[in-house]
Every structure is written in structure tokens, then in C-alpha cells.
Number of protein chains: 2
Amino acid sequence: MPRAGLDPAVVVSAAAGLADEVGLPNVTMGLLAERLGVRPPSLYKHVAGQADLVRRIAVLALTEVGDDLRDALQGRAGRDALEAAARTIRHYVLEHPGRYAATVRLEPQGPDDPMDAAGKRVLTSLAAVLEGYPVDPTDTIHALRLLRSLTHGFAVLEAAGGFQLDTDVDESFAWLVDFVDRGLRRTD
Amino acid sequence: MPRAGLDPAVVVSAAAGLADEVGLPNVTMGLLAERLGVRPPSLYKHVAGQADLVRRIAVLALTEVGDDLRDALQGRAGRDALEAAARTIRHYVLEHPGRYAATVRLEPQGPDDPMDAAGKRVLTSLAAVLEGYPVDPTDTIHALRLLRSLTHGFAVLEAAGGFQLDTDVDESFAWLVDFVDRGLRRTD
DNA sequence: AGCCCAAAGCTAACGACGTTAGCCAGTCGG
DNA sequence: CCGACTGGCTAACGTCGTTAGCTTTGGGCT
């Protein structure tokens, strides 16, 4: 029996790809094993179980989104940055629905949770977007929650097909960005 | 063997309660049967299976939210209505996380889908909120998507414990309502 | 070069769960 | 009072996640 040369990273990466293809709930240990040319029990040499697997996919997704955001925000500020950030997140969710679905779950558990770190990086990027607006420091946390709620809600609804098709979603997206931009620009 | 007096409504109601208690993913046919004093196969006399069950829970949830919204919006308009609607949805999700989780799933399927009807009632209420604002008719759809995305995203993040505890979530909620209210009031 | 043992794969098996088939009793209309 | 429909049951199967325990590989140390 030849070695397959697996390690946690390879397994998680394959699982993430599979999740995007068939949907997170359909990522079964058997299917993943088959994809990797291995028998299901062998996977347990690399991940602790299905829960652990999903958690690792979530970390991967948050890390990737964080990277994408960092790239997208380079040299941008204000409305430009807001639009870029929103577009980046929306694009990622549409492109990687399975990965993103893994992040919609679990409360942070341990104190030194690797998911926390990845999540914080995303938050940092969103906070950077707010730098370009006259937001009172005490309101920053609220504005951050606005951005998170809105991007998350929009992405989930679009990915789940929750919007009727009558009107273009792109148009709504642009409208929403504009709405937030205007609201954040006001100083009173 | 005495009759248990079940019917679809009783089964779905019990399942919804169970979902709120133990979380939707943990609503197993066995657990639900036990709760109803019955053996698992008996449930299939009333619902077609687990997928059907979740779908019916979703319809129940949308119907209840629709009712709550209708009540909450009685005699209110403008900012008052907006705040009432947002509070109603937020309250429902916190009170019935399992039921709400059932609605976060897939695209309407059949043409005469009972879920569509229930969903439309909710949308109608949200549209009524917008009546009190100077929103251009062509922008109504966008504003509706704003409300849906924001309420949904906020509710999910709060229910999932996605917000850090440093700052009060109630405060952020009030800030968000205010933000949307101001944005919708402007006419240009 | 050759040994050795940790790691990585395997088979077998178990328990939980959803679901189907088929049987039997309780109830209700005629 | 009878019969048939209905709602409950037991038995059984397939899938899935997971554990136990065996085998083999291959890298590192002598």
C-alpha cells in the first residue's frame, strides 16, 4: 500500500475544494477520502474528526478573505476602499460558498483559538476602511458591526438565492455601498 | 398501543420547540419521537422526512415572524416603525434560534411553495416600513434588500456569538437603526 | 548498509441515524 | 356491529462517523 503523502494542509485544502463543489453538508469523510485516494479512517491521522475539519476550513477561509482584503485595500481609501472591501467579500462568498459556510458556525472556544486570529485580521481590514471616514472613535465598534452584518447578510442571502431575480443584484449591491458611504460621510 | 393523537401541526410544533432548545442540527428523528412519546418510524405518517420537517419549521417561523411584524407595526410609521420591525426580528431570532435557522436554507423550489407565501408576508411588512420614507419607487427593492441583509446578518452574528462582548450589542443595535433611519430620510 | 520505530495506511466493527417495509390495533362511519 | 382507514409498532437496511488494532513503509541513527 503506497503512501499517499497526505498532511493536514492537503486534507483541509481538498475538503475546502470539495465543500465549494458539493456544499459543506455534503462533505462526507467517505467522499473526501475517495477524493484523496485513501480510505476514510486514514483521514483521522491528519484531522481529529469532522468538527475539527470544518473548523480548519473556517480558519482557511478567514485567512484567505483576510489576504484578499489586504490586497484589495492597498492604496485605497474612503468610498473606494469601502467598495473594494464589499466587492472582495461578496466575490469570495460567491466563489467559495462551501468554505464560507464553514465560518458561519461556531463561537470562538479556546483562548488561543487560531480562528480568532484569522477573524481579527478581517476585522482589522474592515476597521481600516473606516479610517477614511469621520467616524467618532466610540462609534467605530458600531460601524464595524454595521459592515459585518451587512456584508454577511447580503452574501448569505445572495448565495442562498434568497433574492428574487426581478431586479439585478449588482445594482442593489452598488446601491447599498452608496447608502453606507453616504451615511458614514456625514459628521453630525 | 394507545394513539398519541399526532398530526402534522403537532409534530412540526414539537420539532420547532426542540430546535430552539437543542439547536436545529440536533433535532433528530429519534429525539423528536421520544419527545412525542412515539417511535421514530411513526413520524413518517405525518411528515415526509427530515427535509420536509425542516421546511415546515421554516414556514412556521416565517409565518410567526410575519404575524409579529404585523402586530408590531400597527399604528407606527417612519423611524418608529423601522425600530419596531428591527426589534421584532431581532427578538424573534434570539427567542427562537432553532426555528430561524431552518429559514436559512435553500431557494424556493415549487411554484406554489407555501414558504414563498410566508416569506412574502414578511417582505410586505418590511415594505410597509419603507412607506414612511421618501424612497424612490425604483429604489424600493434596494432598500428592501438593505433591510433584509442587515437584519439577517445582525441577527445571525448575534445569535452565533460573533460579536465580542466588550461593547453592548443593544447599543450597536440602536446605532444601526439610527444609521438606517437617517440614510432613508435623505431625499437627494 | 542495515536496523528500528514512529507514522501512515489498511480492514473490521460498532453505534447513531434516517428511512422503508410490512404488520396490527384502535376508531369511526355506515 | 362490522369493516376499512389510519396511526401506531417491530424489524431491517444503508450510510456515515468513528475507534481499535494490525501492517507496512521509510527516514534517521549507528
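Modeller: Let us begin with a definition: a helix here is a DSSP run of H or I with at least four residues, and helices are numbered from the N terminus. By that rule, B:Gly30 lies in helix 2 of chain B, which covers residues 29-35. Please keep in mind that this is a predicted model.

Colleague: How many helices and strands does chain A have?

Modeller: Chain A has 8 helices and 0 strands, so that its elements, read from the N terminus, run α-α-α-α-α-α-α-α. Along the principal axes, its C-alpha atoms fill a box of roughly 70 × 45 × 30 Å. Of its 188 residues, 46% count as buried. Among the contacts in chain A that join residues at least 6 apart in sequence, 68% link residues at least 24 apart.

Colleague: How should I read a residue in a loop, and where is A:Ala48?

Modeller: One states the elements on either side. A:Ala48 is in the loop between helix 2 (29-35) and helix 3 of chain A. Exposed means over 50% relative accessible area; A:Ala48, at 65%, is therefore exposed. The C-alpha atoms of A:Ala48 and A:Leu106 are separated by 17 Å, and the two residues are 58 places apart along the chain.

Colleague: Why does A:Arg99 count as buried?

Modeller: The cut-off for buried is under 20% relative accessible area. A:Arg99 counts as buried because its relative accessibility is 10%. A:Arg99 belongs to helix 5 of chain A, residues 97-103. Its side chain makes a polar contact of 3.1 Å with the side chain of A:Glu64. Beyond four places in sequence, the residues that A:Arg99 touches include A:Ala16, A:Asp20, A:Ile57, A:Leu60 and A:Tyr92.

Colleague: Which side chain makes a polar contact with that of B:Glu158?

Modeller: The partner is the side chain of B:Arg90, at 2.9 Å. B:Glu158 is placed in helix 7 of chain B, residues 140-159. Its relative accessibility is 16%, so B:Glu158 counts as buried. Leaving out residues up to four places away in sequence, B:Glu158 touches B:Arg90, B:Leu94, B:Phe163 and B:Val169.

Colleague: How does one read the packing of two helices, for instance helix 7 and helix 8 of chain A?

Modeller: One considers the angle between their axes and the residues that meet. The axes of helix 7 (residues 140-159) and helix 8 (residues 169-185) of chain A come within 12 Å and cross at roughly 175°. The two helices are therefore roughly antiparallel. Among the residues making this contact are A:Leu146, A:Leu150 and A:Phe154 of helix 7 and A:Phe173, A:Leu176 and A:Val180 of helix 8. By class, the contact has 10 nonpolar, no polar and 1 charged residues.

Colleague: At what angle do helix 8 of chain A and helix 7 of chain B pack?

Modeller: The angle is about 70°, and the axes are 9 Å apart. Helix 8 of chain A is therefore roughly perpendicular to helix 7 of chain B. In helix 8 of chain A, A:Val169, A:Glu171, A:Ser172, A:Trp175, A:Leu176 and A:Phe179 meet B:His142, B:Ala143, B:Arg145 and B:Leu146 in helix 7 of chain B. This contact has 6 nonpolar, 2 polar and 2 charged residues.

Colleague: Finally, which residues touch the most other members of the largest nonpolar core?

Modeller: In reading a core, one asks which members have the most partners. The largest nonpolar core has 127 residues, and A:Leu32, A:Leu53, B:Leu32 and B:Leu53 touch the most other members. Helix 3 of chain A, residues 50-73, gives the most to this core, with 11 residues. Apart from neighbours within four places in sequence, B:Leu53 is in contact with B:Val11, B:Val12, B:Ala15, B:Met29, B:Leu32 and B:Val47.

Terms used:
Residues numbered from 1 in each chain as written. Chains lettered and ligands numbered in written order. Predicted model: local features only at pLDDT ≥ 70, side-chain atom pairs only at ≥ 80, totals over all residues. Heavy atoms only, no water. Buried < 20%, exposed > 50% of the residue type's maximum accessible area, 1.4 Å probe, protein only. Polar contact = N/O pair within 3.5 Å; in protein donor to acceptor, adjacent residues only side chain to side chain. Contact = heavy atoms within 4.5 Å. Axes fitted to C-alpha atoms, helices over the stretch in contact; angles between N-to-C directions. Parallel < 35°, antiparallel > 145°, perpendicular 65-115°, else oblique. Nonpolar A, V, L, I, M, F, W, Y, C, P; charged D, E, K, R; others polar. Core = buried A, V, L, I, M, F, W, Y, C linked by side-chain atoms within 4.5 Å.
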